[in-house]
Amino acid sequence: MNAKRKLGELEVGPQGLGCMGMSEFYGAGDEQESIAVIHRALELGVTLIDTADMYGPHVNEELVGRAIADRRDAVVLATKFGIVREPAGGRSIRGDRDYVRSAVEGSLRRLGTDVIDLYYLHRVPADTPIEETVGAMAELVTEGKVRHLGLSEAGAETLRRAHAVHPITALQSEWSLWSRDIEAEIVPTARELGIGLVPYSPLGRGVLTGRFASSEDFGDGDFRAANPRFSGANLEANLKMVAELRALAEERGVTAGQLALAWVQHRGQDVVPIPGTKRIKYLEENVAAASLELSDADLAAIEAAVPASAVVGDRYPDMSSIGR
Ligand SMILES: NC(=O)c1ccc[n+]([C@@H]2O[C@H](COP(=O)([O-])OP(=O)(O)OC[C@H]3O[C@@H](n4cnc5c(N)ncnc54)[C@H](OP(=O)(O)O)[C@@H]3O)[C@@H](O)[C@H]2O)c1
């Protein structure tokens with residue numbers, strides 16, 4: 001399981017590192033420790049480092065830029081654009097050509113680099129044809145500002161239309177034991193087109209590790225507190241499944257998070273999950289999960305412990321831009 005994997009034509013370590021939580025959404029982080037996590041990840045064979053311009057906003061790209069400044073060549077650097085955070089707190093989604101061209105300049109500056117290895121459209125806009133957005137992204141490839149293109153949370157038809165304009169290297173979408181909705185149509189389409197898969201939130205935003213006992217455990221401003229799947233009675237119901245996963249993990253001498261991650265790693269050689277953490281201890285535990293070998297019987301037992309159909313609550317408070 002530890003061999004390198006390929007997303008389209010892009011070779012990466014078998015597991016990536018999500019940097020979002022180092023700056024926002026899951027409680028306060030410490031910059032020095034976060035940078036140490038990125039450095040340790042690179043030492044352990046993680047190459048795909050994931051950020052986005054909207055994390056922070058902007059400061060997460062700056063943090064990643066500082067962390068990789070003296071080791072840029074060791075990194076497959078991925079960032080995303082398209083979700084615009086309004087000063088008053090709202091969000092919009094943009095993919096018009098002018099926006100694409102200005103967004104990449106901001107990301108390059110904040111990341112301190114002259115090329116982004118994998119540049120994703122973060123969400124598919126409702127009001128711009130995907131051909132315009134991907135056409136503008138393809139211009140960035142021609143100009144040498146970007147090496148590979150990706151989409152995040154795109155639907156199957158969008159993947160086809162986008163791929164017809166320029167090869168799409170990766171689809172980054174939520175995929176974990178408790179979020180399996182892309183399996184029916186989107187994963188087969190990506191595979192037919194040779195598009196690699198980058199599961200985000202493979203640990204169920206931390207819940208599949210068994211670390212949280214109730215919604216009270218999320219601090220003020222934690223994104224999860226306002227998310228249907230993590231609130232009140234929904235979380236209580238979902239945690240019963242996590243307890244079963246923990247029991248299974250204990251029998252095998254590993255952690256629940258490691259079983260959850262190893263399950264994602266076993267989805268295929270074209271799958272590179274990007275668990276997120278701001279702590280070295282968790283990073284090391286997560287990287288070790290990439291070496292776990294699971295039999296078909298193990299996989300079936302894991303799926304029986306956390307049946308995705310029994311999970312209560314949507315993944316986001318507003319699902320309207322998902323799978324568009
Ligand atoms: N494309 C998109 O729309 C999208 C959306 C969400 C995320 N992402 C990307 O995907 C990455 C990963 O997703 P995610 O961070 O949302 O969720 P995740 O990887 O499923 O879980 C992250 C959470 O799990 C905790 N954690 C990590 N390893 C752990 C371990 N071994 N034991 C106990 N707790 C552990 C982290 O804690 P600490 O924070 O305390 O370390 C954090 O609270 C993000 O960083 C981001 O780059 C993309």
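Tyr-55 is buried, since its relative accessible area is 6%, where buried means under 20% relative accessible area, exposed means over 50% and partly exposed lies in between, with a 1.4 Å probe and protein chains only. The model is predicted, so local features need pLDDT of at least 70 and side-chain atom pairs count only at pLDDT 80 or more, while totals for chains, interfaces and linings use all residues. Residues are numbered from 1 along each chain as its sequence is written, and side-chain values use heavy atoms, with hydrogens and water left out.

Rings of Phe, Tyr and Trp (its six-membered ring) pair if their centres lie within 6.5 Å, and planes under 30 degrees apart count as stacked, over 60 as edge-to-face and the rest as tilted. Counted by this rule, there are seven aromatic pairs. In one of them, the rings of Phe-25 and Tyr-55 have centres 6.3 Å apart and planes at 85 degrees, so this pair is edge-to-face. Phe-25 belongs to the loop between β3 (17-18) and α1 (31-43) and Tyr-55 to the loop between β4 (48-50) and α2, so the pair ties together parts that are 30 residues apart in sequence; helices (H or I, at least four residues) and strands (E, at least two) are DSSP runs, numbered from the N terminus. Phe-25 is itself buried, with a relative accessible area of 11%. Another aromatic pair, Phe-218 with Phe-230, is likewise edge-to-face, at 5.9 Å centre to centre and 75 degrees between the planes. Both Phe-218 and Phe-230 lie in the loop between β11 (196-200) and α7 (232-252), twelve residues apart. Phe-218 is buried at a relative accessible area of 7%, and Phe-230 counts as buried at 2% relative accessibility.

A charge sits over a ring if NZ of Lys or CZ of Arg is within 6 Å of the ring centre and within 35 degrees of the ring normal. Arg-229 lies in this way over the face of Trp-178, at 4.8 Å from the ring centre, and the charged end of Arg-267 sits over the ring of Trp-263, 3.9 Å from its centre.

Most residues other than glycine have a negative phi, and most peptide bonds are trans. The peptide bond from Gly-56 to Pro-57, however, is cis, with omega near -15 degrees, and Pro-57 is placed in the loop between β4 and α2. His-58, in the loop between β4 and α2, has a positive phi of about 75 degrees although it is not a glycine, and His-58 is partly exposed, with a relative accessible area of 35%. Arg-205 has a positive phi of about 55 degrees, also without being a glycine; Arg-205 is found in the loop between β11 and α7 and counts as buried at 8% relative accessibility.

Helix α2 (residues 59-68) packs with helix α3 (residues 97-111) at an angle of about 45 degrees, their axes being 7 Å apart. That makes α2 oblique to α3, given that angles under 35 degrees count as roughly parallel, over 145 as roughly antiparallel, 65 to 115 as roughly perpendicular and the rest as oblique. Axes are lines fitted to C-alpha atoms, for helices over the stretch in contact, and angles run from 0 to 180 degrees between N-to-C directions. Glu-61, Glu-62, Val-64 and Gly-65 of α2 meet Gly-106, Ser-107, Arg-110 and Leu-111 of α3, contact meaning heavy atoms within 4.5 Å.
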